[in-house]
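Here's a quick tour for anyone meeting this structure for the first time. We'll look at ring pairs, and then at a sheet.

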Amino acid sequence: MPSSKSLPMLLLVLGLLFVTYNLVFMIKHNKGGSWITDELGFLDPIKMMIGSENSNSKFHVAVTATDAVYSQWQCRIMYYWYNKVKDMPGSRMGKFTRIVHSGRPDQLMDEIPTFVVDPLPSGLDRGYVVLNRPWAFVQWLEKANIEEEYILMAEPDHIFVNPLPNLANGTQPAGYPFFYIRPAKHEKIIRKFYPKEKGPITDVDPIGNSPVIIQKSLLEEIAPTWVNVSLQMKDDQETDDTFGWVLEMYAYAVASALHGVRHILQDEFMLQPPWDTDVGNKFIIHYTYACDYNLKGELTYGKIGEWRFNKRSYLTGPPPKNLSLPPPGVPESVVRLVKMVNEATANIPEWDSLNKS
């Protein structure tokens, strides 16, 4: 029989064993969950598993675009695949809006749900048309009736390859980590817009605005800042020269940091052929890069291949129906991309005639 002095110690030991057991059980059961990150701090603070407290909340799919032929045919393919996957099991995709920032309606108004907004005042974008994207979101958020609590910011060259769940977690949005968005490498420039007193450079996520799933109320706060930071970056010669075509992406990352917003980085959000070779369980194909191969199925990036698919080959008109499939040996991601483009063009009405410049 334990003495009166040893009893409290025994109870303490048993209590610690009980806590340890429960902690280990919860870690094994919830491995990767955000609560572990928040409370214990030993997991990557911006990585988490698919599935969260908001997995049942639908998000509105919003894509910014122009009325140019090049943008139109990509939007038509994107909308076709949105309709194919939006009601599949696992999808939390809500309604769809193409936000056209050309300031006037176009011939796709009856085919794709569209909201027309004004471009930036003449000359303000200085030929960098993507600078209109944050301004388009500001106008849409102010004027449109958006039923969903969350928004997916997407781009015309996105194809939904699997049904997309809500990857956000409460007020913490989900984004895709781009290998070429490197705030720490460009700290000297980032600090012009995100001073040291605001926080460490790691507060600036390695993302752009797309793809991002975010609460509508949070985007309403960030979007005006995103506009201002974009214009300030464009006005700074060093920043403009350094960031180039990804300037607006850096601007979104900085604007989010200025509002104290960190994104959950979701590698499975998107794949980018030809660099990502397998589709797997990823959700979006982003076909921004040229896919060039020889007839042996070897990548010839930087050199036009004997077989190729490059969206920029179709600046003035849509790609023809029934594109040739890649030669044997080309990765699954590229084959899947071409097959999905072919299916869309075979089924979209007036494909060959509607989108001509």
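Let's start with burial: Phe243 and Tyr250 are both buried. Keep in mind that this is a predicted model. A search through the whole structure turns up 19 aromatic pairs, and a couple of them are picked out below.

**Ring pairs**
- Take Phe178 and Tyr180: their ring centres sit 5.3 Å apart with the planes at 45°, so this pair counts as tilted.
- Phe178 is buried, at a relative accessible area of 4%.
- Tyr180 is buried as well, with a value of 18%, and that counts because the cut-off for buried is under 20%.
- Now for Phe243 and Tyr250: the ring centres are 3.8 Å apart and the planes are at 5°, so this pair is stacked.

**An aromatic cluster**
- Tyr70, Trp73, Tyr287, Phe309 and Tyr314 come together as one aromatic cluster.

**The sheet**
- There's an open sheet of 3 strands, ordered S5-S10-S9, and its pairing is mixed.
- Strand S5 (158-160) and strand S9 (270-271) are the edge strands, so to speak: each pairs on one side only.
- S9 and strand S10 (residues 284-286) run parallel, joined by 2 bridges.
- Which residue in S10 does Met270 stand opposite? That's Ile284.

Key
Residues numbered from 1 in each chain as written. Predicted model: local features only at pLDDT ≥ 70, side-chain atom pairs only at ≥ 80, totals over all residues. Heavy atoms only, no water. Phe/Tyr/Trp six-rings, centres within 6.5 Å; stacked < 30°, edge-to-face > 60°. Buried < 20%, exposed > 50% of the residue type's maximum accessible area, 1.4 Å probe, protein only. Helix = DSSP H or I, 4+ residues; strand = E, 2+ residues; numbered from the N terminus.
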